[in-house]
Amino acid sequence: MRALLLRDLRLAIRAGGGFGLGLAFFLIVTVLVPFGVGPQTELLSRIAPGILWIGALLACLLSLDRILALDWEDGSLDLLATAPLPMEGIVTVKAFAHWITTGLPLVLAAPVLGVLLSLPIPAYQWVVISLAVGTPALSVIGTFGAALTVGIKRGGLLMSLLVLPLYVPTLIFGAEVARRGAEGLTVQTPLLLLAGISFGVIALLPFASAAVLRINLR
Amino acid sequence: MSLWEYANPVKFIRTTDKVLPWIWTLTVLCLVTGLIWGFFFTPNDFRQGSTVKIIYIHVPSALMAINAWLMMLVASLIWIVRRHHVSALAARAAAPVGAVMTMIALATGAFWGQPMWGTWWAWDPRLTSFLILFLFYLGYMALWEAIENDDTAADLTSILCLVGSVFAVLSRYAVNFWNQGLHQGATLSLDKEENISDVFWFPLLVCIAGFVLLFIALVFLRTQTEIRARRTRALLAREGQA
């Protein structure tokens, strides 16, 4: 498992495009928003938590097809499937590697981009915390979507259509934590629910992803 | 004699062929009676005026939008557990019908909301969850279309249906948490004091029955079509080999 994780990480860093691209996309989305809605500070600081969450979600979505598609194309997925590691383990490791290469940088970059959107001061910690709790769920759900569409040529658009509705609960609670944090309200309830979604998804969804992957490899 | 005998496509087609005319007759009967009764022989609501009559399409279609997904869920489970092809095809057949029902519910809701709430659309929990349900239907149908191998498609879509159901329920509660609604609560529950008045209730019941029958008839018909289309494809493939 550790070997697979290290391999995925190394590939993501050295092959290029994995690490930086998601971050760059996150940056460009947050830069584009003020152009779209105007530069008024009070408006921007009101919508900043939501924009940061949507930006992170889209950046996550864009990098999903890299989780499995490359391994599918060069056949290493077939090799992995015959390895002693159970498919559930492979899928979990893949999702974890995706989170380290995409989710974690997004969490770290969010406060910097918050400055651009004049995020209110108390909101910084809650944006970071909510993203840190929520992005693992995004990675795991995304792995399920990637496993579903791995056999389809040009499945990227279809994957977005399948994955985005599944992101709704995570986005709602995550953005709610950030928004309440920005307004200085108590964030306990949405934060707990967000954590519940993350843990539940991490615990259960790999089984579905593995089943789907087995069908696709049949 | 068990229920599973109908999993045989030939048996399924033969039985549904026999039953379908009856179902269609009942459907038309129920819909015509229910709608005419509802539209012309019920009083206007004292606050909502004649717009209250939208209820005769709005409520049954919304009901069927959810039940169609439930039916797909059950059919998918049967496919996963017992691998009857008719079951997978029935799930596939039900999806577009359910999507259209969702759209009808959303559209009639908009027509009703415009005069009553003064807006076509509000980010109300019920409205939002229906929109999300509609997206789920779209994704489900798109996945069926995208995969060439029939069995793989059936497997993948049934798992998507199971996972989607969990997330649909999650979304339902999440949007409840996220925004307070304009939409009224349930008015048709069996155990509540403040239900809809009987004058509206009986024609509505007939309409609901009509929509249920319509759904059954459409699903039977579409499943038959799917079975026949698959047979044709198999025959063509065999001819191509010879």
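Analyst: Happy to. Two residues are in contact if their C-beta atoms, placed from the backbone, lie within 7 Å. With that in hand, A:Val212 touches A:Phe144, A:Ala147, A:Leu148, B:Leu156 and B:Ile159, leaving aside residues up to four places away in sequence.

A word on the model: it is predicted, local features need pLDDT of at least 70, side-chain atom pairs count only at pLDDT 80 or more, and totals for chains, interfaces and linings use all residues. Residues are numbered from 1 along each chain as its sequence is written, while chains are lettered from A and ligands numbered from 1 in the order in which they are written.

A:Val212 also belongs to the largest nonpolar core, which has 137 residues; A:Val212, A:Ala56, A:Ile141, B:Ala68 and B:Ala94 touch the most other members. Such a core is a set of buried Ala, Val, Leu, Ile, Met, Phe, Trp, Tyr and Cys residues joined through C-beta atoms within 7 Å. Buried means that 20 or more other C-beta atoms lie within 10 Å of a residue's own, against 12 or fewer for exposed and in between for partly exposed. A:Ala211 counts as buried because it has 21 C-beta neighbours inside 10 Å.

Now the contact between the chains: chain B gives 21 residues and chain A gives 18 residues. On the chain B side, H5(B) gives the most, with twelve residues. Helices here are DSSP runs of H or I with at least four residues, numbered from the N terminus. The chain B side divides into 17 nonpolar, three polar and one charged. Here Ala, Val, Leu, Ile, Met, Phe, Trp, Tyr, Cys and Pro count as nonpolar, Asp, Glu, Lys and Arg as charged, and the others, Gly among them, as polar.

How does H5(B) meet chain A? The axes of H8(A) and H5(B) come within 9 Å and cross at roughly 30 degrees. Axes are lines fitted to C-alpha atoms, for helices over the stretch in contact, with angles from 0 to 180 degrees between N-to-C directions. H8(A) and H5(B) are therefore roughly parallel to each other, a term for angles under 35 degrees; over 145 is roughly antiparallel, 65 to 115 roughly perpendicular and the rest oblique. Among the residues making this contact are A:Leu162 and A:Phe173 of H8(A), and B:Phe167 and B:Trp178 of H5(B). By class, the contact has twelve nonpolar, one polar and one charged residues.

Technical notes
Helices (H or I, at least four residues) and strands (E, at least two) are DSSP runs, numbered from the N terminus.
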